[in-house]
Amino acid sequence: MKARIFPPIDEEIEADFSNTWEIENWKGLPTRINGPSFESNGFSFRILLFPEGNRADAASVYLEAAPADHSKAKQQAESQVQQPIDGDDQSPTQAEVQANAVGNGAVVDVTGINSVDQDVDVDVVSTQDDGTTDTQDQEEEDWAVCAQFGLVMWNPEHPEVFHSMFAQHRFSPEEGDWGFTKFYELRRLLVAQDKNTHPLIENNKVNITAYVRIIKDPTGVLWHNFYRYNSKKETGFVGLKNQGATCYLNSLLQSLYFTKVFRRSVYKIPTQQDQPNSVPSALQRMFYLLSTSEAPVGTLQLTKSFGWDSADAFTQHDVQELNRVLMDKLEGKMKGTEVEGALNNIFVAQMKSYVKCINVDFESSRIEDYWDIQLNVKGMKDLEASFRDYIQTELLAGENQYQATGYGLQDATKGVVFQSFPPVLHLQLKRYEYDFNRDMEVKINDRYEFPAEVDLSPYLEEGSDMSEPWIYTLHGVLVHSGDLNAGHYYALLKPSKDGSWYKFDDDRVTKATMKEVLEENFGGEAAPPQQPPGISVPQRTRLNYKRHSSAYMLVYLRKSRLDEILPGNEDDIPNHIPERLEQEVAEENARRKEREEQHFYMNVRVMSNKQFVNYQGFDIASWDRYDSNNSDDDNGSRPLHYKVKKAQTIADFLNTLAQENGVSDISKLQLWLLVSRQNKTYRLDRAVLAEEYSNTMDQLRDQSLTSFNSGDLRLWLEFLPTPSPTLEMSLSEQQIQQQLQFATGISSPQGSDNQPMLLFLKHFDKKAQTLKGFGTLVVRPSDKVLTAIKYIINAMGWEQGTRLSVVEEIKPEMIDAVRVKATFNECEISDGDIICFERDGEPVAEGGYTTAVQFYDFLNNRALFSFRKRSSQLDELNNGTGNGNIVINGDDEANTPPTPEGSFELWLNRKDSYDQLAQKVAAYLNVDPNYLQFFSTQTNGMERAPVKRGSGALEQSLMLGYPSHLPVSVLYEVLDISLAELEKKKLINIIWLTDGLSQEHRHSFLVPKTNTYTIRNLLSELQQRVNIPKELLPRIKVWGALHSTMHDRYSDDSLVAAIEDNVQIYAAVAPIEEYELNQTDSTNKRLIDVFHFQKDLVRSHSVPFTFVLKEGEPFSETKVRLQKTLGVYDKVFEKIKFAIVHPNVRLPEYLPSTAENAEQQALVDEANQATLFSLMQEGDALGLDHADKSSRRAYGQQAIFIKN
């Protein structure tokens, strides 16, 4: 019976036992009853039976488990409240609670007989004598037992009549019982079923046998539901929170953290003066929290230090690339410190690439550093097979002989050999490859074994240092589970030299067995285990499920250096790290308190003359908190922001303002409410009267007509005249009294049309090219504008008789001239209006605006332009820096914004022309505007195109695509020649190809746009730069490519000016047979075009070229010449499929090149004997179909970057 119940299991069995409960009076049983207890391994078990069903039309049977001493105490307690048969109330069990939950819809029961119910997580609550409730000592009851069990109900007189069900469960205080609500239908219990002649229950008797296996739980988490699981308590370690798709990052960070020598090096980076968002500071913070926190640690601050946003947090990147970028960033931060070079000492070693001649004593080699080793997985049995494959040599012979200096063409071997291995060795397993047939990257889940310890000395160069063993022990296994597009990453690590292994799966840390570390991550498929006949559908699914988990990165430590890599003593953590964290906690607590009390506060923003005199813009202030059109954010022109309690009185707020401004009496201060006019400007509404001072600030806001937009209360603060010599004292005594009377709300008699009014004055300074606030002035409508002019002249200290022009600022699009001899009333100037004055005849700055109206137009159309110096393209390409590789933002000059040197910002009129732009930038840089060239950019700062003269206003040539809140990024270049002269030249980018076509060398030339400059002249310049031997000059061929296909072949007399700008020019030394074909007419040779594509002809890539076909030459020999021309290794060339491409035909005609059976091999042999010369017609091209190695990333996917 036991063999029929239990399926095979890989885990170790600690105990195997059974117990039978003999029931003599089935119909007399209560609605719930327990069978006798039976013990094993310190645990007590008993059957729990609901004869009439646990809220189901079936008998319900469960197995209960508890520590033996707990079980006895529970039974004693239950005996005191045992339910009598007459139906009195009884204490509920977990199973009953579960049944109630099922009945209420909390749990959906699986239909059918073969079903396993899931327990509901509940707290069993008891009432104490004192009336309080107490959860049953869950913190003290920390026990668990893992068991497989089968429950069999059978007829004692006819044992062949039985019904059984199987389950496996982790019994714990939260889930002390487990079993089957629908064990057997009630209607069938007393009736013979199927071929049986006897029912299950006969003569009111039945037996229930429990077969139990206690399973060893070495990790403490077997079948764990992880409810209330505490990683720190169970393992001593904490995990890292996943931000969305950062599991790959978490696995790498945990691996680096437990590389103790690396962790200590990071701690030693001096960051006391760094901002918290620098990468070293954030990494130190995270490492410190991993060692001290009781809960999982977040990585948000670290990824913010990388410059990542939420989109990056939801993008899975390559771990190897991330590790290299991070190391490069840290290495730069370590320069000039005590840990300079520390990372090299930990992770870097050397390998040698060599070509060694067989028949002569000649070897060419290059020694280079490496941070990790990429090992092939496909076709490899294990780690040692990969290492043997890595150092395997390639024979260079026949058509592929090596050109040895001084010896000519020689047979040689080419390969790589290791000179040393680093103390911490990172092995990247190539689990991903491009599947040509599926046109996508796929995961290689082949079985691939790696040992817990490996000797790497066989892979070292002969003569390497053998003073200590090159034996490495496994320290970490980084695992990928799933496929390429929907996978998950986690790490298995051994934190200490002689300690245990642990699984770090994001925020959860558990113990791990060696089987989990090795066998379960070798990859490959496993045959499903044999299953018992009575197993349920959900259980069968769980047993059959095999995740495609396999190691993709291995971390090995040199065994002889373990004490250095994993020292046993504690880390020496700099004091500023915990101090900074304490400060963060305090600040976070303050922010939390502020959020909790936020509804008690309101925002008040106050503007006064102190800010107005620094303000340049429309209206009396820039009330928006983030105004992209305000150039004066940092010069004290912004309204002051206050956060005040809503219940605070106006008087208390005035006292605060008086104290800040050094005013002893609040009667010398006057607040004004502002109103939003129909023209969308904010002007004075009314004065806040003294009798309102007892009101609250919240009441004042309710009276304001401006708070409905932002919730902020906006106020104007006026400082009333005092005996001190202030600006206002230049007014006449009558004006001062007038201002006092007006400011304190004492108006003229009722119905008077000549009430005092407050005006705002602005001054346009032509020489400084500024238009800023000047102050306020109290006048009456009947006063003439001329009286205000006299006051202004006096206040400015100008000579009497100075002529001024005055305009009224109505709204940004409406600036009207003011008649100075008219009254304010006649000019329709009212309370709170703004007038601007300028001095006639004042000198104007060079290139500046001559009138206030013009300057107002500039203010209305201005935009912030951010200028960045552009590196000369000629310098970039000719010095080898124009390769376009994006690695780390902030460090890679070829692809990131230039350094701050040469960068500046200017406010410009979007209506300015190119010449106006050049003049203003030239004035700033103090250069000749004729020597400036500008380039438009995308919103991410990347270069778009050069800006041409006559391209229209700036809003058309530079601002297209830029939102209004962003500065417009412009690249500029100070030329060595004038722009006019540059426009007479043509920039030619030419790629010089060597080593077949495998090595590209980019060069750029500025050549004249004339009818006399030819390819011959261009080659002459190229020859001087790359030192081409004179005897090879006649053999140089030049051709143009468009979209990686052949566009044109150029002769020496071809005009360079006629070559289209989007054509890429290539040059190379032509093979001797191609050179000879060009010199003479031949009927047995033909020149064809060859290009590369990936599956589809429109997906062309790489460098197209010309190639000579020979009549009668078998295709097998043609392929040898093709490989030599391409300059690629055998393994690369073997993956190429060959196709004849006919003109105007969309589908290529493939030539057989691979075979999986004898029939296909015959076709391949036939193709190899055929000649391309006869198969291809005039105009046909040869297509090489293979993966485009240059397009490693999916569309729109960016490289990993770290900014700070």
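**Close-up views of cavities, helices and rings**

**View 1. The second largest cavity has a volume of about 40 Å³.** Keep in mind that this is a predicted model. Which residues line this second largest cavity? Walk around it and you'll meet Val-606, Ser-608, Gln-611, Leu-640, Tyr-642, Leu-657, Asn-661 and Leu-717. Two elements each give two or more residues to this lining: strand 28 (601-608) and strand 29 (640-645). Sort the lining by class and you get 5 nonpolar, 3 polar and no charged residues.

**View 2. Here's the largest cavity, with a volume of about 90 Å³.** Searching the whole structure turns up 2 cavities of 30 Å³ or more. The lining of the largest cavity includes Thr-271, Pro-276 and Gln-301. The elements that supply two or more of the lining residues are helix 8 (279-292) and helix 17 (576-596). Which helix gives the most to this lining? That's helix 17, with 5 residues.

**View 3. Now look at helix 6 (residues 247-257) crossing helix 8 at roughly 75°.** The axes of these two helices come within 11 Å. What does the crossing angle say about how they're arranged? Angles of 65 to 115 degrees count as roughly perpendicular, so that's the word for helix 6 and helix 8. Where do the two helices touch? On the helix 6 side, look for Leu-253, Gln-254, Leu-256 and Tyr-257. They meet Leu-283, Met-286, Phe-287, Leu-290 and Ser-291 in helix 8. This contact has 7 nonpolar, 2 polar and no charged residues.

**View 4. Zoom in on two aromatic rings, those of Phe-258 and Phe-504.** How many aromatic pairs are there in the structure? The count comes to 52, and the Phe-258 and Phe-504 pair is one of them. The centres of these two rings are 5.0 Å apart. Their planes sit at 45°, so the pair is tilted. The two partners come from distant parts of the chain, 246 residues apart. Phe-258 is in the loop between helix 6 and helix 7 (260-267), while Phe-504 belongs to strand 25 (residues 501-505).

Note on methods. Residues are numbered from 1 along each chain as its sequence is written. This is a predicted model: local features need pLDDT of at least 70, side-chain atom pairs count only at pLDDT 80 or more; totals for chains, interfaces and linings use all residues. Side-chain values use heavy atoms; hydrogens and water are left out. On a 1 Å grid over the protein atoms alone, a cavity is a set of points where a 1.4 Å probe fits but cannot get out, and a pocket is an open set with protein on both sides within 12 Å along at least five of seven lines; lining residues have an atom within 4 Å of a point. Grid points are joined across faces, edges and corners, and a volume is the space filled by probe spheres set on the points. Helices (H or I, at least four residues) and strands (E, at least two) are DSSP runs, numbered from the N terminus. Ala, Val, Leu, Ile, Met, Phe, Trp, Tyr, Cys and Pro count as nonpolar, Asp, Glu, Lys and Arg as charged, and the others, Gly among them, as polar. Axes are lines fitted to C-alpha atoms, for helices over the stretch in contact, and angles run from 0 to 180 degrees between N-to-C directions. Angles under 35 degrees count as roughly parallel, over 145 as roughly antiparallel, 65 to 115 as roughly perpendicular and the rest as oblique. Contact means heavy atoms within 4.5 Å. Rings of Phe, Tyr and Trp (its six-membered ring) pair if their centres lie within 6.5 Å; planes under 30 degrees apart count as stacked, over 60 as edge-to-face and the rest as tilted.
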